[in-house]
Amino acid sequence: MQRLFDIILSFIALAILSPLLVPVAVVLRMTGEGEVFYVQQRVGRGGRSFGLFKFATMLKNSPNLGTGTVTVKDDPRVLPVGRFLRRTKINELPQLINILKGDMSIIGPRPQTHRCFDAFPAEAQAEIIKVRPGLSGVGSIVFRDEEVLMHVSSEPERFYDTVIMPYKGELERWYVAHQGMGTYLLLIGLTAWVVLVPGSTAVWRFLDELPLPPAELVKAGGAKGAPATGLSVCSRTGRTERGPAEAE
């Protein structure tokens, strides 16, 4: 049933959004490095790689520059038009093609590069590859300000590997355990809502028993609206453990 909804909704979305997507493609062709699409290998269902489509927003050689496949706020590799596309998430819309092809679903764990997928704890990796990755999902909603959080940290790559990814892995495990048409439709609605109201904390009110954020993430300003008790990250193992979160 979810696959049927994926096909119908992605086809309708492409038809409705074509008046937006075509001008964006023309602008990209005429600016920056002249590239319209960027295809990047991501980890999909069953651990298989697939080519994920995005509008080109960064320098062609960006994976080999700076922080590699990890993007931070005000990243100098992002092209001028790309900043707007990334802020509005328009750059992600070509993934509707991936959904039609069957690589992805509208809702699921966000597909990661191999470098980022390896930052998930092993338990999370094993669960995440059981389902199709998604255009949006609980991890995307909670971490919609991920680039800002990376900018706040004085050690962005350490923060990403030891705080963001272990907790994001817990969120994606929650999705796999609770997947179904009810969760699917609710997450579509929540995605649309947080696009319209970026500061909304509705995810914590509508989703039951979500894993709670680690203290370091709360201190950095992430997971806004989450309850004040959550997960701490063990620096030795990278695993998440229950403990007090120091919410401000």
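Lysine 54 forms a salt bridge with glutamate 92, with 3.5 Å between the closest N and O atoms. Lysine 54 lies in strand β2 and glutamate 92 in the loop between α2 (80–88) and α3 (95–101), so the pair ties together parts that are 38 residues apart in sequence. Both lysine 54 and glutamate 92 are buried. A salt bridge here is a side-chain nitrogen of Lys or Arg within 4 Å of a carboxyl oxygen of Asp or Glu. Buried means under 20% relative accessible area, exposed means over 50%, and partly exposed lies in between (1.4 Å probe, protein chains only). Helices (H or I, at least four residues) and strands (E, at least two) are DSSP runs, numbered from the N terminus.

The model is predicted: local features need pLDDT of at least 70, side-chain atom pairs count only at pLDDT 80 or more, and totals for chains, interfaces and linings use all residues. Residues are numbered from 1 along each chain as its sequence is written, and side-chain values use heavy atoms, with hydrogens and water left out.

The structure holds nine salt bridges. One of them joins arginine 115 to aspartate 161, with the closest N and O atoms 2.9 Å apart. This pair links distant parts of the chain: arginine 115 sits in helix α4 (residues 114–117) and aspartate 161 in helix α8 (residues 156–178), 46 residues apart. Arginine 115 is partly exposed, at 30% relative accessible area. Aspartate 161 is also partly exposed, at 27%.

The side chains of arginine 158 and glutamate 216 meet in a salt bridge (2.5 Å, N to O). Arginine 158 belongs to helix α8 and glutamate 216 to helix α11 (residues 215–219), 58 residues apart. Arginine 158 is partly exposed, with a relative accessible area of 31%. For glutamate 216 the value is 35%, again partly exposed. Elsewhere, salt bridges that share partners join Lys54, Glu92 and Arg110 into one network.

Strands β1 (residues 37–43) and β2 (residues 49–55) pair in the antiparallel sense over seven bridges. Two strands pair if DSSP finds at least two bridges between them. Valine 39 has phenylalanine 53 in β2 as its bridge partner. Five residues separate the two strands of the hairpin, and glycine 46 in the turn has a positive phi of about 75 degrees.

A search of the whole structure finds one cavity of 30 Å³ or more. A cavity is a set of points, on a 1 Å grid over the protein atoms alone, where a 1.4 Å probe fits but cannot get out; lining residues have an atom within 4 Å of a point. The largest cavity holds about 60 Å³ of space. Its lining includes Val43, Arg110, Phe117 and Arg132. The lining residues divide into eight nonpolar, two polar and two charged.

The structure holds four aromatic pairs. Rings of Phe, Tyr and Trp (its six-membered ring) pair if their centres lie within 6.5 Å; planes under 30 degrees apart count as stacked, over 60 as edge-to-face and the rest as tilted. The rings of phenylalanine 5 and tyrosine 184 have centres 6.4 Å apart and planes at 85 degrees, so the pair is edge-to-face. Phenylalanine 5 is in helix α1 (residues 2–30) and tyrosine 184 in helix α9 (residues 181–196), 179 residues apart. Phenylalanine 5 is partly exposed, at 30% relative accessible area, whereas tyrosine 184 is buried, at 0%.

Technical notes:
1 Å grid on protein atoms, 1.4 Å probe; cavity = no way out; pocket = protein on both sides within 12 Å on 5 of 7 lines; lining within 4 Å. Points joined across faces, edges and corners; volume = space filled by probe spheres on them. Nonpolar A, V, L, I, M, F, W, Y, C, P; charged D, E, K, R; others polar.
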